[in-house]
Amino acid sequence: MSQTELMATAPPPRPGFFQRSVQPLFGTPLNAVITIVCLWLFWIVAKAAWGWAVTRAVAEGGGAICRAGSGICLPFLAAKARFMIFGVYPYDEHWRPALAMLVFFVAIGVSMIPRFWGRWLLAVWAFALVAGMVLIAGGAFGLRPIPTTQWSGLPLSFILTAVGLALGFPLGVVLALARASKLPAIRVIAVFFIEVIRGVPLISILFMATVMLPLFMPTGVTVDKLLRAQVAIIIFAGAYIAEAVRGGLQAIPRGQYEAAASLGLHYWQAMRLIVLPPALKIVIPPLVNISIGFFQDTTLVTIIGLLDFLSTVRTAMLDPEWVGAAVLEGYLFAATIYLVFSYGMGAYSRYLERRLRTGFD
């Protein structure tokens, strides 16, 4: 083979770091101007943030000193961090929700590793749920019972999100299959349920579950407020997940259904083995988007008297000692927590897309 033919068949040289990263920023005069302006704005913001968080930071003192200063109020974060995280949960029992969250995080971490995927994960999650509820609620193994009215802060937001999505996902899959059903009665019921739930805001469903539902209960029968809010979130999540899954089902070629029928598989076998696996891979991005949205929407439970994470942060800032001294610090603390969880979910979804090859590369 001649040298010309070898050069023609050889792969093109891979561009270096400069060609890939730096040159596009200054390749044309317009790109250079935009890059310089963006760097200038970044420098201004970074300089102001550094001055507020480092050079002018207030490291000691109380609210009066923080109000007189012009930097971050570190004493507020040190004094109120536990309250902002755990809320009105008994102070000397904070180790219990902390340990319960650690158990949940371990179960989540194990579930995120593909080689650990299997049926035994159901046992792991069953243990995590039981252990977490026992730790937070108490009443067993010598633990002091804690009423749900004192469940608050970040553990409450995490419970509402995790349980709501864990139970809302199978409900959403069933609703999506029902909406795509050939049976008119099942399809109409599914469409009616999904459209009604999606047609009203979550706050109205929470309000109905908390205020209206007790009016229809028999005399003397009450349902825990937290349980009512949790059921409302499950129903709301199920309706939105159903629409995402339905989009995945519509993206599956008709040949997949015909292949399942040619193999003699009945409906549920075809769905479980042939149709649902690729459909769920397709809808990973919208499902993660729904998960992030619901984690942030747990702040709405404050309207029914539950103290979620953002509510405990606001309550901490209302302390007379710190009023007007740490407004930005409290919201920045809450934003950091929400960012860590939301970015983690987004990063894992991108990892799953790459692993399952659901992208368009």
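This is a predicted model: local features need pLDDT of at least 70, side-chain atom pairs count only at pLDDT 80 or more; totals for chains, interfaces and linings use all residues.

The UniProt entry, which is unreviewed, lists "transmembrane region" for residues 30-53, 65-89, 95-113, 120-143, 155-177, 189-215, 227-245 and 330-348. I looked at two of those spans in the model. Residues 65-89 come out as 68% helix and 0% strand, with the end C-alpha atoms 29 Å apart. For residues 189-215 the figures are 78% helix and 0% strand, and there the end C-alpha atoms are 25 Å apart.

The unreviewed entry also has the annotation "domain: ABC transmembrane type-1", covering residues 154-344. In the model that span is 76% helix and 0% strand, and its end C-alpha atoms lie 16 Å apart.

Now the packing. Take helix α8, residues 153-179, and helix α9, residues 184-198: their axes are 7 Å apart, at an angle of about 130°. That angle makes α8 oblique to α9. The crossing of the two is left-handed. Who's touching whom? On the α8 side we have L175, A178 and R179, and on the α9 side I186, R187, A190, V191, F193, I194 and E195. Sort that contact by class and you get seven nonpolar residues, three charged and no polar ones.

Next, α9 against helix α11, which is residues 225-251. Here the axes come within 9 Å and cross at roughly 115°, so α9 and α11 are roughly perpendicular to each other. This crossing is left-handed too. From α9, F193, I194, I197 and R198 meet I235, F236, A239, Y240, A242 and E243 of α11. By class, that's eight nonpolar, two charged and no polar residues. If you're colouring residues as we go, note F193 and I194: they sit in the α9 contact with α8, and they turn up again in the contact with α11.

How many does a search of the whole structure find? Six. The one I want to show you is K80 with D319, where the closest N and O atoms are 2.6 Å apart. K80 is in helix α5, residues 74-86, while D319 sits in the loop between α15 (309-317) and α16 (327-356), so this pair ties together parts that are 239 residues apart in sequence.

That's what I have, so over to you for questions.

Technical notes
Residues are numbered from 1 along each chain as its sequence is written. Side-chain values use heavy atoms; hydrogens and water are left out. Axes are lines fitted to C-alpha atoms, for helices over the stretch in contact, and angles run from 0 to 180 degrees between N-to-C directions. Helices (H or I, at least four residues) and strands (E, at least two) are DSSP runs, numbered from the N terminus. Angles under 35 degrees count as roughly parallel, over 145 as roughly antiparallel, 65 to 115 as roughly perpendicular and the rest as oblique. A crossing is left-handed if the near helix is turned anticlockwise from the far one by less than a right angle, and right-handed if clockwise. Contact means heavy atoms within 4.5 Å. Ala, Val, Leu, Ile, Met, Phe, Trp, Tyr, Cys and Pro count as nonpolar, Asp, Glu, Lys and Arg as charged, and the others, Gly among them, as polar. UniProt positions are given in the numbering used here, feature names are shortened, and annotations may be inferred rather than shown by experiment. A salt bridge is a side-chain nitrogen of Lys or Arg within 4 Å of a carboxyl oxygen of Asp or Glu.
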